[in-house]
Amino acid sequence: MVSSTDTIYALSSGTLPAGVAVLRLSGSQAMVAMSMLTGGRLPAPRVAALRTIRNRNKETIDQALVIQFPAPHSFTGEDCVEIHLHGSKAVVDAVFTELDAIDHIRPAEAGEFSKRAYDNGKMDLLEVEGLADLLKAETEMQRRLAVEQTSGQLSVLYDDWAHQLTRCRALIEAELDFSDEEDVPDSVAAQVWVTVSRIKTEISDHLNAGGSSEIIRNGFKVALIGSPNVGKSSLLNAMSGRDIAIVTDIAGTTRDVISTDLDIGGYLVTIYDTAGLRDTDDVVEREGVRRARASAAEADLVLSLSETDSDAQQIELASYVSIVNVATKSDLHPERCTAPYDLVISAKTGKGLVELKSLIRSHIETRVGVTHSLAPVRARHKKRLEETLNYVSDALNSEGMDLAVRSEYLRLAATSLGRITGRVDVEELLGVIFSEFCIGK
(Lines give C-alpha, C1' and ligand atoms only; values in the text may rest on other atoms or scores of the structure.)
Protein backbone atom coordinates (compact mmCIF):
# COMPACT_ATOMS: atom_id res chain seq x y z
CA MET A 1 0.00 0.00 0.00
CA VAL A 2 1.43 3.38 -1.04
CA SER A 3 2.12 5.74 1.85
CA SER A 4 0.54 9.13 1.24
CA THR A 5 -0.49 12.32 2.94
CA ASP A 6 -3.43 12.68 0.56
CA THR A 7 -6.92 12.91 1.92
CA ILE A 8 -8.81 9.72 1.03
CA TYR A 9 -12.48 9.01 0.53
CA ALA A 10 -14.61 5.91 0.02
CA LEU A 11 -18.13 4.55 0.22
CA SER A 12 -18.24 2.57 3.47
CA SER A 13 -21.81 1.32 3.48
CA GLY A 14 -21.75 -1.37 0.82
CA THR A 15 -23.47 -2.04 -2.50
CA LEU A 16 -25.80 0.51 -4.05
CA PRO A 17 -28.69 1.15 -4.24
CA ALA A 18 -29.42 1.34 -0.54
CA GLY A 19 -31.51 3.35 1.87
CA VAL A 20 -28.45 5.27 3.07
CA ALA A 21 -24.95 5.58 1.62
CA VAL A 22 -22.20 6.47 4.09
CA LEU A 23 -19.24 8.33 2.57
CA ARG A 24 -16.07 8.65 4.64
CA LEU A 25 -13.12 11.01 4.27
CA SER A 26 -9.87 11.05 6.22
CA GLY A 27 -6.94 13.44 6.02
CA SER A 28 -5.95 17.08 6.24
CA GLN A 29 -8.39 18.16 3.50
CA ALA A 30 -11.43 16.35 4.91
CA MET A 31 -12.89 19.45 6.60
CA VAL A 32 -12.13 21.58 3.53
CA ALA A 33 -14.03 19.11 1.35
CA MET A 34 -17.03 19.09 3.69
CA SER A 35 -17.01 22.88 3.78
CA MET A 36 -17.04 23.08 -0.03
CA LEU A 37 -19.86 20.56 -0.31
CA THR A 38 -22.02 22.22 2.37
CA GLY A 39 -21.29 25.86 1.68
CA GLY A 40 -19.07 26.38 4.71
CA ARG A 41 -21.56 25.44 7.42
CA LEU A 42 -19.61 22.95 9.57
CA PRO A 43 -21.44 21.23 12.43
CA ALA A 44 -20.01 20.88 15.93
CA PRO A 45 -17.59 17.93 16.33
CA ARG A 46 -19.28 14.52 16.62
CA VAL A 47 -22.76 16.03 16.18
CA ALA A 48 -24.88 14.97 13.21
CA ALA A 49 -26.33 17.89 11.28
CA LEU A 50 -28.61 18.11 8.24
CA ARG A 51 -26.96 19.93 5.34
CA THR A 52 -27.60 20.51 1.65
CA ILE A 53 -24.85 19.02 -0.53
CA ARG A 54 -24.15 21.18 -3.59
CA ASN A 55 -21.85 20.96 -6.59
CA ARG A 56 -19.45 23.66 -7.83
CA ASN A 57 -22.33 25.37 -9.66
CA LYS A 58 -24.29 25.62 -6.41
CA GLU A 59 -26.82 23.08 -7.68
CA THR A 60 -28.32 20.77 -5.08
CA ILE A 61 -27.08 17.18 -5.14
CA ASP A 62 -28.79 15.84 -2.02
CA GLN A 63 -29.88 16.48 1.56
CA ALA A 64 -27.48 14.64 3.89
CA LEU A 65 -26.42 14.19 7.49
CA VAL A 66 -22.80 15.26 8.03
CA ILE A 67 -20.52 14.54 11.00
CA GLN A 68 -16.96 15.73 11.62
CA PHE A 69 -14.39 13.96 13.81
CA PRO A 70 -11.39 16.25 14.38
CA ALA A 71 -7.96 14.67 14.88
CA PRO A 72 -6.82 12.90 16.95
CA HIS A 73 -10.20 11.72 18.22
CA SER A 74 -11.24 9.73 15.15
CA PHE A 75 -10.95 6.20 13.81
CA THR A 76 -7.82 6.99 11.80
CA GLY A 77 -6.35 9.59 14.15
CA GLU A 78 -6.70 12.16 11.33
CA ASP A 79 -9.45 14.68 10.60
CA CYS A 80 -12.40 12.56 9.45
CA VAL A 81 -15.79 13.30 7.93
CA GLU A 82 -18.86 11.14 7.40
CA ILE A 83 -21.58 12.12 4.93
CA HIS A 84 -24.82 10.11 5.10
CA LEU A 85 -26.44 10.43 1.66
CA HIS A 86 -29.47 8.85 0.04
CA GLY A 87 -28.17 5.58 -1.33
CA SER A 88 -28.57 5.93 -5.07
CA LYS A 89 -25.70 5.43 -7.47
CA ALA A 90 -26.38 8.81 -9.13
CA VAL A 91 -26.14 10.72 -5.85
CA VAL A 92 -22.93 8.99 -4.78
CA ASP A 93 -21.32 9.42 -8.21
CA ALA A 94 -22.16 13.14 -8.19
CA VAL A 95 -20.46 13.62 -4.82
CA PHE A 96 -17.45 11.57 -5.96
CA THR A 97 -17.15 13.86 -9.00
CA GLU A 98 -16.97 16.90 -6.74
CA LEU A 99 -14.35 15.30 -4.50
CA ASP A 100 -12.21 14.29 -7.48
CA ALA A 101 -12.01 17.94 -8.49
CA ILE A 102 -10.34 18.93 -5.18
CA ASP A 103 -6.53 18.81 -5.04
CA HIS A 104 -4.89 16.13 -2.85
CA ILE A 105 -8.10 14.13 -2.44
CA ARG A 106 -8.31 10.67 -3.96
CA PRO A 107 -10.23 7.38 -3.61
CA ALA A 108 -9.00 5.13 -0.80
CA GLU A 109 -7.36 1.78 -1.43
CA ALA A 110 -8.65 -1.39 0.24
CA GLY A 111 -7.90 -1.25 3.96
CA GLU A 112 -6.37 2.23 3.81
CA PHE A 113 -8.53 3.70 6.57
CA SER A 114 -7.49 0.89 8.93
CA LYS A 115 -3.87 1.22 7.79
CA ARG A 116 -3.89 4.87 8.80
CA ALA A 117 -5.43 3.95 12.16
CA TYR A 118 -2.54 1.50 12.67
CA ASP A 119 0.09 4.01 11.51
CA ASN A 120 -1.29 6.63 13.92
CA GLY A 121 -1.32 4.29 16.90
CA LYS A 122 -5.10 3.95 17.15
CA MET A 123 -4.93 0.15 16.73
CA ASP A 124 -2.24 -2.51 16.90
CA LEU A 125 -1.87 -5.34 14.41
CA LEU A 126 -3.89 -7.83 16.46
CA GLU A 127 -6.79 -5.39 16.70
CA VAL A 128 -6.58 -4.68 12.97
CA GLU A 129 -6.78 -8.41 12.19
CA GLY A 130 -9.67 -8.75 14.63
CA LEU A 131 -11.50 -5.96 12.80
CA ALA A 132 -10.95 -7.77 9.48
CA ASP A 133 -12.40 -10.95 11.00
CA LEU A 134 -15.34 -9.00 12.44
CA LEU A 135 -16.20 -7.63 9.00
CA LYS A 136 -16.20 -11.17 7.60
CA ALA A 137 -17.95 -12.87 10.52
CA GLU A 138 -20.86 -15.07 9.42
CA THR A 139 -21.77 -16.77 12.70
CA GLU A 140 -22.25 -15.72 16.30
CA MET A 141 -19.11 -17.49 17.52
CA GLN A 142 -17.00 -15.88 14.80
CA ARG A 143 -18.37 -12.50 15.88
CA ARG A 144 -17.51 -13.15 19.53
CA LEU A 145 -13.99 -14.31 18.65
CA ALA A 146 -13.38 -11.22 16.52
CA VAL A 147 -14.75 -8.86 19.19
CA GLU A 148 -12.46 -10.49 21.75
CA GLN A 149 -9.48 -9.77 19.50
CA THR A 150 -10.50 -6.17 18.74
CA SER A 151 -10.97 -5.52 22.47
CA GLY A 152 -7.19 -5.55 22.94
CA GLN A 153 -7.16 -8.33 25.54
CA LEU A 154 -4.81 -10.49 23.48
CA SER A 155 -2.53 -7.51 22.91
CA VAL A 156 -2.39 -6.86 26.66
CA LEU A 157 -1.48 -10.50 27.28
CA TYR A 158 1.34 -10.56 24.72
CA ASP A 159 2.65 -7.13 25.79
CA ASP A 160 2.72 -8.30 29.40
CA TRP A 161 4.81 -11.36 28.49
CA ALA A 162 7.17 -9.18 26.46
CA HIS A 163 7.47 -6.71 29.35
CA GLN A 164 8.26 -9.49 31.82
CA LEU A 165 10.92 -10.93 29.51
CA THR A 166 12.46 -7.47 29.08
CA ARG A 167 12.53 -6.99 32.85
CA CYS A 168 14.24 -10.37 33.24
CA ARG A 169 16.87 -9.24 30.73
CA ALA A 170 17.36 -6.04 32.69
CA LEU A 171 18.05 -7.99 35.87
CA ILE A 172 20.56 -10.19 34.05
CA GLU A 173 22.28 -7.13 32.57
CA ALA A 174 22.43 -5.58 36.05
CA GLU A 175 24.29 -8.59 37.36
CA LEU A 176 26.64 -8.58 34.35
CA ASP A 177 27.41 -4.85 34.49
CA PHE A 178 27.29 -4.12 38.21
CA SER A 179 28.27 -7.39 39.85
CA ASP A 180 30.82 -5.54 42.06
CA GLU A 181 28.29 -3.04 43.37
CA GLU A 182 26.88 -3.59 46.87
CA ASP A 183 23.32 -2.60 45.90
CA VAL A 184 23.05 -5.42 43.33
CA PRO A 185 22.21 -8.68 45.14
CA ASP A 186 24.30 -11.74 44.35
CA SER A 187 22.89 -14.13 41.78
CA VAL A 188 20.04 -11.86 40.72
CA ALA A 189 19.83 -13.85 37.48
CA ALA A 190 19.01 -17.00 39.44
CA GLN A 191 15.74 -15.36 40.50
CA VAL A 192 14.89 -14.63 36.89
CA TRP A 193 14.48 -18.20 35.73
CA VAL A 194 11.50 -18.87 37.97
CA THR A 195 9.66 -16.10 36.12
CA VAL A 196 10.87 -17.31 32.72
CA SER A 197 9.76 -20.86 33.51
CA ARG A 198 6.28 -19.61 34.45
CA ILE A 199 6.03 -17.62 31.19
CA LYS A 200 7.01 -20.74 29.25
CA THR A 201 4.16 -22.69 30.87
CA GLU A 202 1.66 -19.90 30.18
CA ILE A 203 2.67 -19.64 26.51
CA SER A 204 2.51 -23.42 26.09
CA ASP A 205 -1.00 -23.56 27.61
CA HIS A 206 -2.04 -20.62 25.44
CA LEU A 207 -0.85 -22.38 22.29
CA ASN A 208 -2.68 -25.57 23.23
CA ALA A 209 -5.91 -23.57 23.38
CA GLY A 210 -5.37 -22.26 19.86
CA GLY A 211 -7.14 -25.16 18.16
CA SER A 212 -10.52 -24.00 19.41
CA SER A 213 -10.09 -20.51 17.92
CA GLU A 214 -8.98 -22.00 14.61
CA ILE A 215 -12.14 -24.12 14.43
CA ILE A 216 -14.36 -21.14 15.24
CA ARG A 217 -12.65 -18.86 12.71
CA ASN A 218 -12.16 -21.32 9.83
CA GLY A 219 -15.07 -23.67 10.42
CA PHE A 220 -15.70 -27.22 11.64
CA LYS A 221 -15.32 -29.75 8.82
CA VAL A 222 -17.86 -32.57 8.50
CA ALA A 223 -17.43 -35.22 5.80
CA LEU A 224 -20.31 -37.40 4.55
CA ILE A 225 -18.89 -40.84 3.76
CA GLY A 226 -20.54 -44.04 2.57
CA SER A 227 -21.29 -46.41 -0.28
CA PRO A 228 -22.98 -45.14 -3.47
CA ASN A 229 -26.69 -44.27 -3.14
CA VAL A 230 -26.83 -44.26 0.67
CA GLY A 231 -28.19 -40.70 0.66
CA LYS A 232 -25.14 -38.46 1.11
CA SER A 233 -26.18 -35.88 -1.50
CA SER A 234 -29.79 -35.96 -0.30
CA LEU A 235 -28.61 -35.28 3.24
CA LEU A 236 -26.44 -32.37 2.08
CA ASN A 237 -29.43 -30.83 0.29
CA ALA A 238 -31.73 -31.40 3.26
CA MET A 239 -29.32 -29.86 5.77
CA SER A 240 -28.68 -26.80 3.62
CA GLY A 241 -32.32 -26.36 2.59
CA ARG A 242 -31.51 -26.12 -1.13
CA ASP A 243 -30.48 -28.28 -4.06
CA ILE A 244 -26.70 -28.14 -4.03
CA ALA A 245 -25.84 -31.66 -5.14
CA ILE A 246 -27.38 -33.66 -7.99
CA VAL A 247 -29.40 -36.61 -6.71
CA THR A 248 -30.22 -39.64 -8.90
CA ASP A 249 -30.71 -43.38 -8.48
CA ILE A 250 -27.58 -44.00 -10.56
CA ALA A 251 -24.64 -45.15 -8.47
CA GLY A 252 -21.59 -42.92 -8.85
CA THR A 253 -23.50 -39.70 -9.64
CA THR A 254 -21.30 -37.71 -7.24
CA ARG A 255 -17.71 -37.90 -8.41
CA ASP A 256 -16.12 -34.90 -6.78
CA VAL A 257 -16.23 -33.29 -3.35
CA ILE A 258 -19.07 -30.76 -2.98
CA SER A 259 -19.24 -28.51 0.06
CA THR A 260 -21.51 -25.96 1.66
CA ASP A 261 -21.27 -23.78 4.77
CA LEU A 262 -23.92 -23.92 7.49
CA ASP A 263 -24.51 -22.04 10.72
CA ILE A 264 -25.13 -24.66 13.39
CA GLY A 265 -25.60 -23.28 16.88
CA GLY A 266 -23.59 -20.18 16.06
CA TYR A 267 -20.64 -22.15 14.66
CA LEU A 268 -19.49 -22.21 11.05
CA VAL A 269 -19.77 -25.81 9.80
CA THR A 270 -18.60 -26.93 6.36
CA ILE A 271 -20.34 -30.08 5.12
CA TYR A 272 -18.53 -32.13 2.45
CA ASP A 273 -20.51 -34.45 0.16
CA THR A 274 -18.22 -37.07 -1.35
CA ALA A 275 -18.20 -39.81 -3.95
CA GLY A 276 -19.54 -43.20 -2.92
CA LEU A 277 -16.84 -45.58 -1.68
CA ARG A 278 -16.51 -48.68 -3.84
CA ASP A 279 -14.07 -50.49 -6.11
CA THR A 280 -14.41 -49.26 -9.68
CA ASP A 281 -12.60 -49.40 -13.00
CA ASP A 282 -13.83 -45.93 -13.97
CA VAL A 283 -10.82 -43.59 -13.81
CA VAL A 284 -12.86 -40.50 -12.92
CA GLU A 285 -14.89 -42.25 -10.24
CA ARG A 286 -11.75 -43.81 -8.78
CA GLU A 287 -10.28 -40.32 -8.37
CA GLY A 288 -13.53 -39.28 -6.69
CA VAL A 289 -13.19 -42.16 -4.22
CA ARG A 290 -9.60 -41.11 -3.48
CA ARG A 291 -10.75 -37.56 -2.78
CA ALA A 292 -13.56 -38.85 -0.58
CA ARG A 293 -11.08 -40.72 1.61
CA ALA A 294 -8.81 -37.65 1.71
CA SER A 295 -11.75 -35.47 2.81
CA ALA A 296 -12.53 -37.92 5.61
CA ALA A 297 -8.91 -37.90 6.75
CA GLU A 298 -8.87 -34.09 6.92
CA ALA A 299 -12.29 -33.66 8.54
CA ASP A 300 -13.05 -32.89 12.18
CA LEU A 301 -16.08 -35.20 12.13
CA VAL A 302 -17.08 -38.02 9.76
CA LEU A 303 -20.70 -39.05 9.28
CA SER A 304 -20.56 -42.64 8.03
CA LEU A 305 -23.88 -43.18 6.22
CA SER A 306 -25.45 -46.59 5.65
CA GLU A 307 -28.80 -47.66 4.25
CA THR A 308 -28.22 -51.31 5.18
CA ASP A 309 -25.72 -53.04 7.43
CA SER A 310 -23.78 -54.17 4.38
CA ASP A 311 -23.14 -50.54 3.37
CA ALA A 312 -20.73 -49.91 6.27
CA GLN A 313 -17.30 -48.76 5.11
CA GLN A 314 -13.87 -49.05 6.70
CA ILE A 315 -11.89 -45.83 6.43
CA GLU A 316 -8.63 -44.64 7.94
CA LEU A 317 -8.97 -41.48 10.02
CA ALA A 318 -6.65 -39.17 11.91
CA SER A 319 -6.59 -39.65 15.68
CA TYR A 320 -8.53 -36.43 16.36
CA VAL A 321 -11.33 -37.22 13.86
CA SER A 322 -14.56 -38.50 15.39
CA ILE A 323 -16.92 -40.81 13.49
CA VAL A 324 -20.70 -41.05 13.80
CA ASN A 325 -22.57 -44.00 12.28
CA VAL A 326 -25.82 -42.82 10.68
CA ALA A 327 -28.59 -45.01 9.28
CA THR A 328 -30.31 -43.31 6.33
CA LYS A 329 -33.65 -43.59 4.48
CA SER A 330 -35.68 -44.43 7.55
CA ASP A 331 -38.80 -43.64 5.47
CA LEU A 332 -38.01 -46.78 3.41
CA HIS A 333 -37.06 -48.85 6.46
CA PRO A 334 -39.52 -47.85 9.23
CA GLU A 335 -38.72 -50.99 11.23
CA ARG A 336 -35.08 -49.97 11.72
CA CYS A 337 -34.00 -49.31 15.30
CA THR A 338 -31.06 -47.17 16.34
CA ALA A 339 -28.66 -49.97 17.37
CA PRO A 340 -25.96 -50.39 16.14
CA TYR A 341 -26.16 -46.85 14.74
CA ASP A 342 -25.71 -43.57 16.58
CA LEU A 343 -28.63 -41.98 14.74
CA VAL A 344 -31.42 -42.90 12.31
CA ILE A 345 -32.48 -40.24 9.80
CA SER A 346 -34.49 -39.57 6.67
CA ALA A 347 -33.44 -36.76 4.35
CA LYS A 348 -36.83 -37.03 2.63
CA THR A 349 -39.06 -36.63 5.69
CA GLY A 350 -36.60 -34.70 7.86
CA LYS A 351 -36.61 -37.30 10.61
CA GLY A 352 -33.50 -37.05 12.79
CA LEU A 353 -32.08 -33.92 11.13
CA VAL A 354 -32.61 -31.73 14.21
CA GLU A 355 -30.91 -34.40 16.32
CA LEU A 356 -28.08 -34.63 13.78
CA LYS A 357 -27.37 -30.89 13.94
CA SER A 358 -27.50 -31.07 17.73
CA LEU A 359 -25.02 -33.93 17.65
CA ILE A 360 -22.66 -31.94 15.39
CA ARG A 361 -22.85 -28.97 17.74
CA SER A 362 -22.08 -31.26 20.67
CA HIS A 363 -18.94 -32.51 18.93
CA ILE A 364 -17.86 -28.93 18.23
CA GLU A 365 -18.32 -27.88 21.85
CA THR A 366 -16.36 -30.92 22.96
CA ARG A 367 -13.46 -29.78 20.77
CA VAL A 368 -13.54 -26.05 21.55
CA GLY A 369 -15.12 -26.01 25.00
CA VAL A 370 -18.38 -24.30 25.91
CA THR A 371 -16.54 -21.31 27.38
CA HIS A 372 -13.76 -19.71 25.37
CA SER A 373 -10.63 -18.17 26.83
CA LEU A 374 -8.09 -16.01 25.05
CA ALA A 375 -6.30 -18.03 22.37
CA PRO A 376 -4.24 -17.39 19.24
CA VAL A 377 -6.50 -16.88 16.25
CA ARG A 378 -4.35 -16.98 13.12
CA ALA A 379 -1.53 -19.19 11.87
CA ARG A 380 0.73 -16.12 11.99
CA HIS A 381 0.10 -15.74 15.71
CA LYS A 382 0.76 -19.41 16.40
CA LYS A 383 4.00 -19.33 14.41
CA ARG A 384 5.35 -16.38 16.39
CA LEU A 385 4.23 -17.88 19.69
CA GLU A 386 5.96 -21.16 18.84
CA GLU A 387 9.06 -19.13 17.98
CA THR A 388 8.79 -17.33 21.32
CA LEU A 389 8.40 -20.62 23.16
CA ASN A 390 11.51 -22.03 21.46
CA TYR A 391 13.62 -19.01 22.47
CA VAL A 392 12.36 -19.16 26.06
CA SER A 393 13.12 -22.90 26.17
CA ASP A 394 16.61 -22.25 24.79
CA ALA A 395 17.21 -19.69 27.53
CA LEU A 396 16.09 -22.13 30.22
CA ASN A 397 17.99 -25.09 28.77
CA SER A 398 21.30 -23.22 28.39
CA GLU A 399 22.11 -23.23 32.10
CA GLY A 400 25.85 -22.98 32.57
CA MET A 401 26.35 -20.88 29.47
CA ASP A 402 27.35 -17.21 29.54
CA LEU A 403 24.53 -15.04 30.92
CA ALA A 404 24.84 -12.75 27.92
CA VAL A 405 23.85 -15.64 25.63
CA ARG A 406 20.86 -16.51 27.78
CA SER A 407 19.84 -12.84 27.86
CA GLU A 408 19.97 -12.75 24.06
CA TYR A 409 17.52 -15.65 23.88
CA LEU A 410 15.11 -13.61 26.04
CA ARG A 411 15.53 -10.59 23.76
CA LEU A 412 14.65 -12.72 20.72
CA ALA A 413 11.61 -14.10 22.56
CA ALA A 414 10.32 -10.60 23.37
CA THR A 415 10.93 -9.53 19.78
CA SER A 416 8.83 -12.43 18.47
CA LEU A 417 5.96 -11.36 20.72
CA GLY A 418 6.33 -7.79 19.46
CA ARG A 419 5.93 -8.99 15.89
CA ILE A 420 2.47 -10.36 16.72
CA THR A 421 1.12 -6.98 17.81
CA GLY A 422 3.18 -5.03 15.28
CA ARG A 423 5.40 -3.34 17.85
CA VAL A 424 8.55 -4.29 15.89
CA ASP A 425 9.66 -5.12 12.36
CA VAL A 426 6.44 -6.16 10.59
CA GLU A 427 6.49 -3.94 7.52
CA GLU A 428 6.45 -6.92 5.16
CA LEU A 429 3.15 -8.10 6.66
CA LEU A 430 1.19 -4.90 6.30
CA GLY A 431 0.34 -5.13 2.61
CA VAL A 432 -1.01 -8.66 3.05
CA ILE A 433 -3.07 -7.90 6.12
CA PHE A 434 -4.68 -4.67 4.94
CA SER A 435 -5.45 -6.11 1.51
CA GLU A 436 -8.05 -8.31 3.26
CA PHE A 437 -10.24 -5.26 3.95
CA CYS A 438 -12.94 -3.89 1.69
CA ILE A 439 -12.75 -0.40 0.24
CA GLY A 440 -13.81 2.17 2.85
CA LYS A 441 -12.46 0.38 5.90
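Predicted model: local features only at pLDDT ≥ 70, side-chain atom pairs only at ≥ 80, totals over all residues.
I began with β10 and β11: six bridges join them, and the two run parallel. For the record, helices (H or I, at least four residues) and strands (E, at least two) are DSSP runs, numbered from the N terminus, and I call two strands paired if DSSP finds at least two bridges between them. Residues are numbered from 1 along each chain as its sequence is written, and side-chain values use heavy atoms, with hydrogens and water left out.

Within that pair, I found S304 opposite N325 in β11. I then looked at β7 (residues 220-226), which pairs with β10 (residues 301-306) in the parallel sense over five bridges. There A223 stands opposite V302 of β10.

Stepping back, I read the strand order as β8-β9-β7-β10-β11-β12, an open sheet of six strands with mixed pairing. The edge strands, each pairing on one side only, are β8 (258-264) and β12 (343-344). Helix α11 (residues 353-368) packs on this sheet and touches β7, β8, β9 (267-273), β10, β11 (322-327) and β12. Its direction makes about 120° with that of β9; axes are lines fitted to C-alpha atoms, for helices over the stretch in contact, and angles run from 0 to 180 degrees between N-to-C directions.

**How covered is β10?**

I checked burial next (buried is under 20% relative accessible area, exposed over 50%, partly exposed in between, with a 1.4 Å probe and protein chains only). Six of the six residues of β10 are buried. In a regular strand the side chains alternate between the two faces of the sheet. Here L301, L303 and L305 lie on one side, V302, S304 and S306 on the other, and both faces are covered.

**Cores**

A nonpolar core is a set of buried Ala, Val, Leu, Ile, Met, Phe, Trp, Tyr and Cys residues joined through side-chain atoms within 4.5 Å. The largest one has 56 residues, and L303 and I360 have the most contacts inside it. Helix α6 (residues 153-177) gives the largest share of this core, seven residues. I listed the contacts of I360 (heavy atoms within 4.5 Å): leaving aside neighbours within four places in sequence, they are F220, V222, M239, I264, V269 and L301. A second, separate core has 24 residues, including A21, L37, V66 and I105.

**Helix α9**

I noted that seven of the nine residues of α9 (residues 232-240) are buried. They are K232, S233, L235, L236, N237, M239 and S240. These buried residues pack against β7, β8, β9, β10 and α11. Just after α9, G241 takes a positive phi of about 80°.

**S204**

I placed S204 in helix α7 (residues 188-208). S204 is partly exposed, at a relative accessible area of 27%. I also looked at L389: it is 185 residues from S204 in sequence, yet the two are 7.1 Å apart in space, C-alpha to C-alpha.
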